[in-house]
Amino acid sequence: MCICKASEGVFHVIRDDLLHPLMGGNKLRKLDALVPLLQSASVTDVITCGGCQSGHAAALAVACSESGLRARLLLRGERLSVPTGYNLISGMYGEVIYIPRSEYAERDDMLRKYAKSVAGGGTVVQIKDIRANFDGTFEQSQSIGIGQTSKKVAVVKEGASDVIALLGLIRLVDYLSQPCLLGSNRRLQLVIDCGTGTTAIGVALAIWILRLPWKVIGVMLVGALKDFKNLERKLLDDFKEMWHQDTDCGITREGLETCLEWVKRPRPRKFGNVLEGEIQTCQKVARETGILLDPIYTLAAWEVSSNLALSGKEETVMLHTGGTMSLFGVAQRYPSQF
């Protein structure tokens with residue numbers, strides 16, 4: 001964790017982007033419990049989807065290869081003339097299939113179709129079905145992995161927005177609340193850039209469970225407020241259904257909402273667009289602080305953190321969610337700005 005100055009304001013940055021040499025940040029946090037769950041269910045192959053420069057798809061491919069699983073990645077659009085960034089990592093660690101945009105629009109049908117083709121005479125399982133049979137232990141089956149002949153294919157939703165992803169985020173908050181780090185008594189605003197919103201919801205849930213005096217500021221990057229609220233409700237219901245026998249934390253939607261506030265990024269735009277001056281801002285931050293941001297994701301959290309720090313109401317902390325490898329894709333689209 002480091003301290004950054006934003007004009008007259010000061011805020012902290014949790015360097016979760018340094019979590020892994022390639023895939024640091026919230027993408028790996030969401031896989032923290034998912035991959036062991038897949039291993040415990042004797043899964044051999046994992047299929048997921050995302051954009052051509054999907055950080056989620058690349059992170060899943062890396063995590064699977066490190067755990068003896070095969071990753072099959074359905075990426076929207078056409079093959080790049082020069083693979084780079086997350087697209088390059090996806091192809092190095094997983095098997096990539098490019099999907100026409102018209103077919104990709106029906107994600108659920110697309111995932112089912114390709115999962116069945118990969119399974120052949122084997123089986124296809126959904127994460128929710130694995131969760132339903134989960135006994136609370138993550139013991140790895142002796143029969144899984146590359147050498148297994150009968151395929152068992154698991155389907156992971158785009159962005160890994162499943163309730164099991166919350167466990168890795170709860171573990172992160174528990175770690176950060178140690179006295180030697182953020183502690184459990186300081187009033188904090190924790191700023192997180194949000195694609196699906198799963199990370200912010202998981203962190204807020206952990207804050208409520210641990211009764212910390214913190215609040216999450218979720219910076220919405222795509223979609224409307226109702227979309228984030230719907231996911232908030234679904235993940236909370238799934239969490240209570242999955243863990244109700246083992247927890248008695250008084251988890252309610254009202255309680256969660258006291259720990260979570262959704263805001264728009266300072267300059268809203270269609271997701272994926274980069275506005276004038278933003279690449280130069282990322283360069284300026286990198287040269288002055290040594291922290292690498294990207295204009296699509298983490299710059300939004302940085303700007304909100306800066307504004308909150310200037311207001312001086314409460315101590316501000318930015319969770320750096322990684323994603324800096326997406327700069328390679330941005331450079332292909334805007335080469336003259338680099």
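This note comments on selected packing features of a predicted model.

1. Helix α4. Helix α4 spans residues 85–93, and its buried residues are G85, Y86, N87, I89 and S90.

2. Helices α8 and α10. Two packed helices are described by the angle between their axes and the distance between the axes. For α8 (residues 165–176) and α10 (residues 225–243), the axes come within 11 Å and cross at roughly 85 degrees. The crossing angle falls in the range from 65 to 115 degrees, and α8 is therefore roughly perpendicular to α10. On the α8 side the contact is formed by L166, L167 and I170, which meet L235, F239 and W243 of α10. Sorted by class, this contact has six nonpolar residues, with no polar and no charged ones.

3. The aromatic pair F11 and W302. The structure holds three aromatic pairs, and two of them are treated in this note. A pair of aromatic rings is described by the distance of the centres and the angle of the planes. In the case of F11 and W302, the ring centres lie 5.0 Å apart and the planes stand at 80 degrees, so the arrangement is edge-to-face.

4. The aromatic pair F228 and W262. Here the ring centres are 4.9 Å apart and the planes are at 45 degrees, so the pair is classed as tilted. Distant parts of the chain are again linked: F228 is in helix α10 and W262 is in strand β10 (residues 260–264), 34 residues apart. F228 is buried, because its relative accessible area is 1%. For W262 the relative accessible area is 10%, so W262 is buried.

5. Charges over rings. R76 lies over the face of Y104, at 5.3 Å from the ring centre. The charged end of R211 sits over the ring of W208, 4.3 Å from the centre of that ring.

6. Residue T316. T316 is located in strand β11 (residues 315–319). Its relative accessibility is 1%, so T316 counts as buried. Apart from residues up to four places away in sequence, T316 touches F11, H12, Q189, V191, S305, L308 and A309. Among these contacts is F11, the residue whose ring pairs with that of W302.

7. Residue V46. V46 lies in strand β3 (residues 45–50) and counts as buried, because its relative accessibility is 0%. Leaving aside neighbours within four places in sequence, V46 is in contact with L38, L60, C64, L69, R70, A71, R72, A154 and V156. One of these contacts, C64, is 18 residues from V46 in sequence, while the C-alpha atoms of V46 and C64 are 7.8 Å apart in space.

Conventions: Residues are numbered from 1 along each chain as its sequence is written. This is a predicted model: local features need pLDDT of at least 70, side-chain atom pairs count only at pLDDT 80 or more; totals for chains, interfaces and linings use all residues. Side-chain values use heavy atoms; hydrogens and water are left out. Buried means under 20% relative accessible area, exposed over 50%, partly exposed in between (1.4 Å probe, protein chains only). Helices (H or I, at least four residues) and strands (E, at least two) are DSSP runs, numbered from the N terminus. Axes are lines fitted to C-alpha atoms, for helices over the stretch in contact, and angles run from 0 to 180 degrees between N-to-C directions. Angles under 35 degrees count as roughly parallel, over 145 as roughly antiparallel, 65 to 115 as roughly perpendicular and the rest as oblique. Contact means heavy atoms within 4.5 Å. Ala, Val, Leu, Ile, Met, Phe, Trp, Tyr, Cys and Pro count as nonpolar, Asp, Glu, Lys and Arg as charged, and the others, Gly among them, as polar. Rings of Phe, Tyr and Trp (its six-membered ring) pair if their centres lie within 6.5 Å; planes under 30 degrees apart count as stacked, over 60 as edge-to-face and the rest as tilted. A charge sits over a ring if NZ of Lys or CZ of Arg is within 6 Å of the ring centre and within 35 degrees of the ring normal.
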